[in-house]
Amino acid sequence: MTDLPATPIVETRGLVKRYDGELALAGIDLVIGPGEIYGLVGPNGAGKTTTMKILATLLAPTAGEALVCGIGISDDPIEVRRRIGYMPDFYGVYDDMRVWEYLDFFARCYSVPAGRRAGMIGELLEIVGLGDKRDAYVEALSRGMRQRLCLAHTLVHDPQLLILDEPASGLDPRARVDMREILRELRGMGKTILVSSHILPELAELCTSVGIIDRGRLLRSGRIEEIEQSLRATALLRIELLSDPVLAIEWLGTDHRVGDVLEVSSDGGLTRLDVPFDGSADEQAAFLRTMIEAGLVVSGFSQTTSDLEEIFLKVTGHQGNDEETAA
Amino acid sequence: MTTATISRARRLPRLREFGSSVATIMVKELRSRFRGRRAFVIITVYLAVLALIAYGVYAVVAPSARMQAQFGGGEFGTTFANASATIGQAVFTLLSLFQLLLVCFIAPAFTAGAISLEREKQTLDLLVTTPMRPGGIVVGKLLAALAFVGLMIVAAIPISALVLMYGGAAIDDIVRQQVVLLVTALGLGAIGLFWSALVKRTQAATVLTYATVLALTVGTVLVFIFWSVVSTRDSDNQFGTPRLAPEQLMWVNPAVAMIDVVANTEFSGYGPFSSIISGLQGGVSSSVVCEGDVCFTTDGGGAVPGGVKSLPVDVNGVVVNAGIDCPPNARCVEPRGGVAAVFDPQPITGHFWPRFAISFAALSLLLTLASMRLVVPAGMRFAFRRLRPAKAGVDPISSAEADK
């Protein structure tokens, strides 16, 4: 077996997860290469945590496959666990335990030899900036410190992949900056990191790749520059039609520059479609012409744009309202 | 390298891995448990209470025991050579039963939250995403709890050993007492662990655990009595011969096991605990009642023919046949007017406690195995069943080396 550098650290194919019939993941195809910092962005309930739990071997997918370092998570979960460090979105700490004991416990859990444990605990505490808290009780730490301690615990066995679920949630701005600095340091150490957030800008400057996830679907995935470029280039077109919307949507699907139709609303005979479109203003004009030539009765054609945050909100935010009612 | 050598080569590390998981959990649990003064205080109070009981029993029993030794007239018409055996026996009895009571309360308390607390405090996910297998986690939790309860039990040995000065109970009685106590702690600990793994909340797990303890100690007795009464009153049972429920019901009752141990120290099979044991074994005391010349046996044997001088009995003193006169060379008793003769059969002590130890140990094993399955995260519980061999892409040797 040759260890090709191209072997992805994380690979999922058509990952589907249902909870009691409710679809949480509707086919996620994710590829994360070695050394990447992959940011998973999406609104609450989009499927970020579910994806991460599956990769952390806490959940079995309903369908599809997930591989970590080429190992199937249901083929050999124990081996997968040796290669990942997982930080859940919600977690607690043990009572009656000192900081060094906490790390020592997890180091033992990962069968780190006794000789290496003591030195490593010191190093890890330095990395996460808790060097002076070695003998403090874990439950006495502030939230930000606990978060950093939990991050340190993911590192005890020097894993190849870190899965960090919302590591910055609930932190004040200062602590967020600290957390970001630590992640940057870990990137320098050559770790592959899968990190999630519901806020895109928080991740944008840190990540090498980003995936935008919503309603269990990976809407975009790729290098951050490409995503930013494509999101910037993407115009959201609002098309108003008087003809049959089904035919129109079918026709729109044949054009590779057109993304999935995001929203359909109809008002009498008038149908309103929100469609992402990759292309300049000229291309949009040409697109309108071909649309009319194709026999679609277009009564309105306008563009709404355009900065990263706004488009992200547009791409994912349209479900924000029913999201809340569903939850 | 063949597959067989690989699997054999991996079996030993598997065992070592299990051992190191158990040790990891135990170190963590015991470190927290012995932190501060709490553990010290608990054990001190426990020993102080036991010592107080030992002294209290001595103070109550000693005067009357001395009286009996001096003037005779023991409870069963027996005279004791000296008072100290009576004192020793009484102290041993109360210490054993009281320790059992305490263990019944304490042992489940240490495990009823073992898994559910991890769930409630959201620490379980961190634990199960480590490469430790559920077996190591569950056994580690159980042994950590047992280590503490075991320490309490073992620390109380010197108090029980006081009776060796008085007599009335021997070293093997103390060994039996220890076996019953430790097995009880193991079984009840496993019950707590099981509920803790099954139920989400610690509160519910605690309630269910103590309900189970109650069912095993009191419930089995009630069922035994009810079953016996119903089957004795069965319409095809013309003479009302006592029919007992199966004694296997009592094999899971720690109280019966301890009574069995205590009964062994009672004087030649007579005493309240011995009669409980003989009652469970079907040795209901039978008596012959006479009115004038007509005598009856109370165990359904029917009328005793007039003029019968004596009745044959078995080695346990039970009337074996009330219909005939005493055959030559048989062991017999004479019915005399009124209640002619009461024959308390001798209990067979030493019958229940080994059976209890074995069945409770088996129960613990089953519950521990069940708990292992339940600790696996709910979402993965069924995915784990089909543990397929590693794919061609994964080299088992290189991954084994990665462990080191």
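**Sheets, core and helices**

Mentor: In this predicted model, chain A holds an open sheet of 4 strands, paired antiparallel in the order β2-β1-β4-β5.

Trainee: Which strands of chain A stand at the edges of this sheet?

Mentor: An edge strand has a single partner strand, so one side of it is left without a neighbour in the sheet. In the order β2-β1-β4-β5 of chain A, this applies to the strands of residues 22-32 and 71-72. The edge strands are therefore β2(A) and β5(A).

Trainee: Which residue is the bridge partner of Val68(A) in β5(A)?

Mentor: Strand β4(A), residues 63-68, pairs with β5(A) in the antiparallel sense over 2 bridges. Val68(A) belongs to one such bridge, and its partner in β5(A) is Ile71(A).

Trainee: What angle does the direction of helix α1(A) make with that of β1(A)?

Mentor: Helix α1(A), residues 48-55, packs on the sheet and touches β1, β2 and β4 of chain A. Its direction and that of β1(A) make an angle of about 115°.

Trainee: How many residues does the largest nonpolar core have?

Mentor: Nonpolar side chains tend to be buried together in soluble globular proteins. Here, Val68(A) is among the residues with the most contacts inside the largest core; beyond its sequence neighbours, Val68(A) is in contact with residues including Ile9(A), Leu55(A) and Leu161(A). A second, separate core has 9 residues, among them Leu236(A) and Val275(A). The number of residues in the largest core is 149.

Trainee: How are α3(B) and α9(B) oriented to each other, roughly parallel or roughly antiparallel?

Mentor: The axes of α3(B), residues 83-111, and α9(B) come within 7 Å and cross at roughly 20°. The crossing is right-handed, and the residues that meet include Leu100(B) in α3(B) and Leu188(B) in α9(B). Angles under 35 degrees count as roughly parallel. The two helices, α3(B) and α9(B), are therefore roughly parallel.

Trainee: How many of the residues of β8(A) are buried?

Mentor: Side chains in a regular strand alternate between the two faces of the sheet. On one side of β8(A), Thr192(A), Leu194(A) and Ser196(A) are buried, and on the other Ile193(A), Val195(A) and Ser197(A) are buried. The count of buried residues in β8(A) is 6 of 6.

Trainee: Which residue of β8(A) is the bridge partner of Tyr38(A)?

Mentor: Strand β7(A) runs parallel to β8(A) and is joined to it by 4 bridges, with Leu162(A) opposite Ile193(A). Strand β3(A), residues 37-41, also pairs with β8(A) in the parallel sense, over 5 bridges. In β8(A), the partner of Tyr38(A) is Leu194(A).

Methods:
Residues are numbered from 1 along each chain as its sequence is written. Chains are lettered from A and ligands numbered from 1 in the order in which they are written. This is a predicted model: local features need pLDDT of at least 70, side-chain atom pairs count only at pLDDT 80 or more; totals for chains, interfaces and linings use all residues. Two strands pair if DSSP finds at least two bridges between them. Two residues are in contact if their C-beta atoms, placed from the backbone, lie within 7 Å. Axes are lines fitted to C-alpha atoms, for helices over the stretch in contact, and angles run from 0 to 180 degrees between N-to-C directions. A nonpolar core is a set of buried Ala, Val, Leu, Ile, Met, Phe, Trp, Tyr and Cys residues joined through C-beta atoms within 7 Å. A residue is buried if 20 or more other C-beta atoms lie within 10 Å of its own, exposed if 12 or fewer, and partly exposed in between; C-beta atoms are placed from the backbone. Angles under 35 degrees count as roughly parallel, over 145 as roughly antiparallel, 65 to 115 as roughly perpendicular and the rest as oblique. A crossing is left-handed if the near helix is turned anticlockwise from the far one by less than a right angle, and right-handed if clockwise. Lists of a residue's contacts leave out its neighbours within four places in sequence.
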